[in-house]
Amino acid sequence: MRLLQALTMAKRFNLLNAALVLLTALCVGFIVTYTLLARQFEARQEYNLALAALLAETSEYAVYTHQNPLLESQISRLADLPDLANVAILDNHGQTLAELRRESAASTSDRTADSRSSLNFWRWWVVSGGQGFSEINQPIASKGFLDEDALFLDAQAKPRVIGQVKISMNLAYFEDILRNTFMLVLAVVLVILAISLAVSLTMTARITLPLKRLGEAAHDVIEGRLEPVSLQSGGPELRELGKAFNLMTNWLGDYRSEVQSYQAMLERQAFYDDLTGLANRTLLKDHLKLAMAQAHRRKNSAALLFLDLDRFKYVNDTLGHSFGDNLLQDVANRLRQQLRACDTVARMGGDEFIIILNDLSLNYDQARLDAGRVAQQIGEALSRPFSINEHDISTSFSVGIALYPHDGQDGEVLTRNADCAMYEAKEHGRNTYRFYNPSLQQRGVRRLNLENGLKRALEQNELLLHFQPKYNRLNGRLVGAEALLRWQFQDLWVSPAEFIPLAEETGLILPIGEWVLETALITLAEWRNAGLVDNDFHVGVNVAPPQFWHPDFAKRTLEILSRRLPDSSGILELELTESCLLRPTEESQRTFKTLRQAGLRFAVDDFGTGYSSLSYLKQFPLDVLKIDQSFVRDCIDDPSDATIIRAIIAMARGLGLEVIAEGVETVEQAAFLNQEGCHLLQGYLLAKPMPAQDFAEFCRGFRAHPIHAHYPR
């Protein structure tokens, strides 16, 4: 049973058909055999009966007259018949008158007994209704001849039995008949069986072959191979089944394609950056582990390059995030072109990229030389201008390099060390590369300490404001002061250039900005109450882009202004960088309009150092342009800076804006600016930034300031 279950459906079907065909052939063979034998036996029985009747009729006179030689002669004529074993003519007393015996009586009887005992078929034949034919007895009638005279009489006499003819059949002869019949029937059965099997197998093949093909196709489906099946035989039902199967395989193919596409998408999301298509952090970790393992096995080294795009934040702020995304994609394409197939480039996030260089020399100096050459090559490739949305923009990268195994034997350690080296490159003018050295680790620790300390600076009163005065050359008066944020952390002063970007990155610029605004207004109110400044004196507060873009900035600013200096107009001047204005969204325009209607003044700080065009001057009606100190510093010696200053002053005059110069340190610079029409000054020539108390003392003694000697009224 288990063996049958282990066979395929087609084999089981073929075995069943073969068994049915064999059974049918055997039944047909049995019927044919029985019919042939019955006819043979019936014909032989009729022949023998006729022979016995003829012999009895011809022997009547000889028996009647006791002419035994005549009977012997008559019987001898039957010697050529092969089916006769014994022929005897007996009188009515059972005495043998004449006899034909092929063998001795004893042997004949023995053979007959043996044949009867061996041929059980005869017994079955008789039992089943067949006629017996082994021995025939035919009586001999006298027909009324009582004596010789009776032959000439015409009298009718009743026949009487005067003897009998006894015929015994030769069973060996019938064994030959039986054997030949069986051989014939066997040949017929074999032919029938062969024809039936051929027909059956052909029909079975036409039925099972499509089923086999369907089974193979189903197995292919299980194995993941989806191919349609074509059934040309098997009838309309199987063809309909094939169509249904093909519909199922088509559906499975579509479903498999969708699953593979979804798996590919998940894999891509898991291991690749969506924007650039580069490896992400997860895949980078795997590649970094592999690179370190290969370097250890091959006895060489590897390098990790940490790249950060310089001033990318200003690109996003001035040209928008979509422009920044396109720039990052172009940068990624150029990075791919500069690397070998065995190297890896990944995007860490934002504008940060990491490159893994494999198969470097184990010699530290040679590895540094090779890694530096690659960094320089990458810098040159990225320094070429990018053309994006009809804008040509130049970029630069700061690159930090850490070598394995010299600078660390762990992926996180290498990444952290390369990051420290990258910040070292930024501090040394950007657009360069630096190698890691252990002293840089202290700077990374410092950055982390500054970030943690900045979060508690407001609570611990570590922030304070310094004020730098603004001077009007025309009337010789102080017209305002710029509030500058300072931070004293662990008894040390931290540069604003260091902690202001950190505050913007961490989001702390929002609460710090509100504190600066409120503290500046409180200080101005104290100065006004003390009579140190007049009512036209204003205080300038720097506003970072995240502050200005915040949806509640206008509301919070007006709340602080109404709480500290209500009913005051023009006493607060918000100093914005160009990046604040280069995103003219509806929210920023609404913020600007709300504050402008409330009487606040707006100045553009560091004018001329941004990326973009001056279209914001049309969209945002400003009050003041502040010339950046980088132009003022060399305006006497550098004709280019002098030309830029003249252009800014001319443009401001044409737009009806005030213009003030920052970073004025010498009398010659002040004289040049005054000559060109810039009468508002701010810088060390007047005073350095100072605490509020020192600024109050400065105001009290301002009449004696040396600047009046240079610009007497």
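No disulfides (pairs of cysteine sulfur atoms within 2.5 Å) are present in the structure. This is a predicted model, in which local features need pLDDT of at least 70 and side-chain atom pairs count only at pLDDT 80 or more, while totals for chains, interfaces and linings use all residues. Residues are numbered from 1 along each chain as its sequence is written, and side-chain values use heavy atoms, leaving out hydrogens and water.

Buried means under 20% relative accessible area, exposed over 50%, and partly exposed in between, with a 1.4 Å probe and protein chains only. C420 has 11% relative accessibility, so C420 counts as buried. C678 is buried too, at 1%.

Nonpolar cores were considered next. Such a core is a set of buried Ala, Val, Leu, Ile, Met, Phe, Trp, Tyr and Cys residues joined through side-chain atoms within 4.5 Å. The largest has 86 residues, and F548 and L622 touch the most other members. Helix α16 (residues 509-529) contributes the most, with nine residues. Helices (H or I, at least four residues) and strands (E, at least two) are DSSP runs numbered from the N terminus. A second, separate core holds 33 residues, including V315 and F353.

Strand β12 (residues 463-472) has nine of its 10 residues buried. Strands pair if DSSP finds at least two bridges between them. β12 runs antiparallel to β13 (residues 477-489), joined by 10 bridges. Their hairpin has four residues between the strands, and G476 takes a positive phi near 65°. H466 has L484 as its bridge partner in β13 and P691 in β21. Y471 is bridged to L681 in β20.
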